[in-house]
Amino acid sequence: MTTKPATIRDRLWLWGMRVNALQQTGSFGKLGFGDSALTVEQAIEQTGIKNIYMAGGLEINEESLAAMPSARRIVCKWALHTGDDKFELITDAAEARLLAAKQLAASDPRVEGFLLDDFSTGSMDAGASPEHMARLQYINTTTWPHLPLYETIYSMTLERDGLADMMRYADLLLVPLWHFPECDTMPARIERCAELTGNKPMLVCLYFYDFGNHRMLERNEMQQQLDIVEPLIREQRVTGLMMCGTCMMDLGWESVDCYQEWVRRVGDDELS
């Protein structure tokens, strides 16, 4: 049987968020974003991207899955910590959410992974240790079905003490670019991440807003990021690109327009 070649769109993911998730959350609510009305399902319809991280404000339950019927691949997200400025570990809650994700995966094969978000920042600041990760992987392995365990590793934290020991417990790394001015360094940082992990799979994450510097992205800046990431996808140096997030995609931003135009332009290109 001949397998149809994958396209660039097949390698694209959306950070799925509850409507107005950022606008109504802590320090992000102070950034002055306009109100959003876009659901995850509507974002899928707009872009044709059916790979979703079930994240910002979306609980790990059947209701969230039912609200995105067009999604084809889904990763559930939680964290080992809580807090905005001062972080504390919530390992029991993370274990419970992992078990909830596994229960969903048992009945819905679209669920294929479990992400520990902000791992190299908030979780490690809170005191996450290799023992915590070993415990999660033990629970994961001894309870059916097994889900690959992912970690968010910010590109600016790769030299953090103890990080390499933590990364070995992950099956895939989500690597966000938090500061736009550092986008030119992304290929080198991807290479460094591969060195630290023995070439574990990586998914790059970009944003529609420069959160690291609290400023809007211009069209040419969004395109600059895409021009850097696209070759990484085509050369199979990363597994794809995640865009964060859906509650920013109907606010009339030029960064969003640029991204959607790029998806329409290259999304159907086949990958060798």
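**Salt bridges**

Modeller: Asp210 and Arg215 form a salt bridge, with their closest N and O atoms 3.4 Å apart. A salt bridge here is a side-chain nitrogen of Lys or Arg within 4 Å of a carboxyl oxygen of Asp or Glu. This is a predicted model: local features need pLDDT of at least 70, side-chain atom pairs count only at pLDDT 80 or more, and totals for chains, interfaces and linings use all residues. Residues are numbered from 1 along each chain as its sequence is written, and side-chain values use heavy atoms, without hydrogens and water.

Colleague: Is Asp210 buried or exposed?

Modeller: Asp210 is buried, at 2% relative accessible area. Buried means under 20%, exposed over 50%, and partly exposed in between (1.4 Å probe, protein chains only). Arg215 is partly exposed, at 27%.

Colleague: Which residue forms a salt bridge with Arg215 at 2.8 Å?

Modeller: Glu221, and 2.8 Å is the distance between the closest N and O atoms. Glu221 is buried, with 10% relative accessibility.

Colleague: New topic. How many salt bridges does the structure hold?

Modeller: The structure holds 16. One of them pairs Arg135 with Glu95, at 3.6 Å from N to O. That pair links distant parts of the chain, 40 residues apart. Arg135 is in helix α5 (residues 130-142) and Glu95 in helix α3 (residues 91-107). Helices are DSSP runs (H or I, at least four residues), numbered from the N terminus.

Colleague: And how accessible are Arg135 and Glu95?

Modeller: Arg135 is partly exposed at 43%. Glu95 is buried at 16%.

How values were computed. Helices (H or I, at least four residues) and strands (E, at least two) are DSSP runs, numbered from the N terminus.
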